[in-house]
Amino acid sequence: EFGSSADPNGATPTLPLAQNPCEAGHYCQEGSSSDSKSPCKKGSYSGGQYNDDPTCTACTPGFYCDADGQTDFTEECASGFYCPAGSKSTRQKCGRTMQCPEGSADEQHCNPGYFNNEAGKDTCKKCPDGKFCDPREDSTLPCPKGFTCKMESEDEPLKKCPKGTYKIRDGNSECLDCPLGKYCDGAEPWD
């Protein structure tokens, strides 16, 4: 019987070999020894023991893993950059028309009424009064006829001139009162 001090055939019993857990930051496939354990590759980590998956765990979105054999992510992605899952560094610069606050897993479009004309920024710029900003564009445009462009609310950066007012030129930010003897629907005064 295993574990007894005497063997019926007189042979000395053999004890099972020690099985050590795989070191954190590494993976150990079947048949591994302390010499053949492999470190997790850049862009991944292994925080626990007994890891047998050679892909380890992809670095958490918004963070990066810049060395082999990591037991956790390195640090949060810097502002102006983005780090999708499995990032090896914080070198993926945020593009124009986008914003990337610290810890971004992906680029984020500017909100309506904001724009960005530079790469690598963490926030977008507020559209100036009298201008229209399409969040997909990297420049400001003149405020169109019949509309007012004043950031009173982030939900309505471009607002149609109300009835009884008009605006016939691009660019100016205010709607004007309709002249006496005319009626106005936001654009040209009518007789």
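Over the ring of which residue does the charged end of lysine 160 sit? The ring belongs to phenylalanine 147, and the charged end of lysine 160 lies 5.9 Å from its centre. The model is predicted. Its protein chain has 18 strands and 0 helices, and the disulfide count comes to 9.

**Chain overview**

- Of the 191 residues in the protein chain, 29% are buried.
- The protein chain exposes about 12200 Å², and 48% of that area comes from carbon and sulfur atoms.
- Taking contacts between residues at least 6 apart in sequence, 33% join residues at least 24 apart.

**Disulfide of cysteine 77 and cysteine 83**

- The sulfur atoms of cysteine 77 and cysteine 83 are 2.1 Å apart, and the two residues form a disulfide.
- This disulfide is right-handed, because the torsion about its S-S bond is about 75 degrees.
- Cysteine 77 is buried at a relative accessible area of 0%, and cysteine 83 is buried with a value of 0%.

**Disulfide of cysteine 110 and cysteine 124**

- Cysteine 110 and cysteine 124 form a disulfide with their sulfur atoms 2.0 Å apart.
- The torsion about this S-S bond is about -80 degrees, so the disulfide is left-handed.
- The pair links distant parts of the chain, 14 residues apart: cysteine 110 is in the loop between β8 (108-109) and β9, and cysteine 124 is in the loop between β9 and β10 (125-126).
- Cysteine 110 is buried, with a relative accessible area of 4%, and cysteine 124 is buried with 12%.

- Cysteine 127 is joined to cysteine 133 by a disulfide, S to S 2.1 Å.
- The link of cysteine 127 and cysteine 133 is right-handed, with 80 degrees about the S-S bond.
- Cysteine 127 counts as buried at 6% relative accessibility, and cysteine 133 is buried at 3%.
- Cysteine 133 and tyrosine 114 are 19 residues apart in sequence, while their C-alpha atoms are 5.9 Å apart in space.
- Tyrosine 114 lies in strand β9 (residues 114-115).
- Tyrosine 114 has 17% relative accessibility and therefore counts as buried, the cut-off being under 20%.

**Aromatic pair**

- The whole structure holds 1 aromatic pair.
- The ring centres of phenylalanine 63 and phenylalanine 73 are 4.0 Å apart and the planes are at 40 degrees, so the pair is tilted.
- The pair links distant parts of the chain, 10 residues apart: phenylalanine 63 is in strand β5 (residues 63-64), and phenylalanine 73 is in the loop between β5 and β6 (75-76).
- Phenylalanine 73 counts as partly exposed, at 30% relative accessibility.

Technical notes
Residues are numbered from 1 along each chain as its sequence is written. This is a predicted model: local features need pLDDT of at least 70, side-chain atom pairs count only at pLDDT 80 or more; totals for chains, interfaces and linings use all residues. Side-chain values use heavy atoms; hydrogens and water are left out. Helices (H or I, at least four residues) and strands (E, at least two) are DSSP runs, numbered from the N terminus. Buried means under 20% relative accessible area, exposed over 50%, partly exposed in between (1.4 Å probe, protein chains only). Rings of Phe, Tyr and Trp (its six-membered ring) pair if their centres lie within 6.5 Å; planes under 30 degrees apart count as stacked, over 60 as edge-to-face and the rest as tilted. A charge sits over a ring if NZ of Lys or CZ of Arg is within 6 Å of the ring centre and within 35 degrees of the ring normal. Contact means heavy atoms within 4.5 Å. Accessible areas come from the Shrake-Rupley method with a 1.4 Å probe; for residues, only the protein chains shown count as cover. A disulfide is a pair of cysteine sulfur atoms within 2.5 Å.
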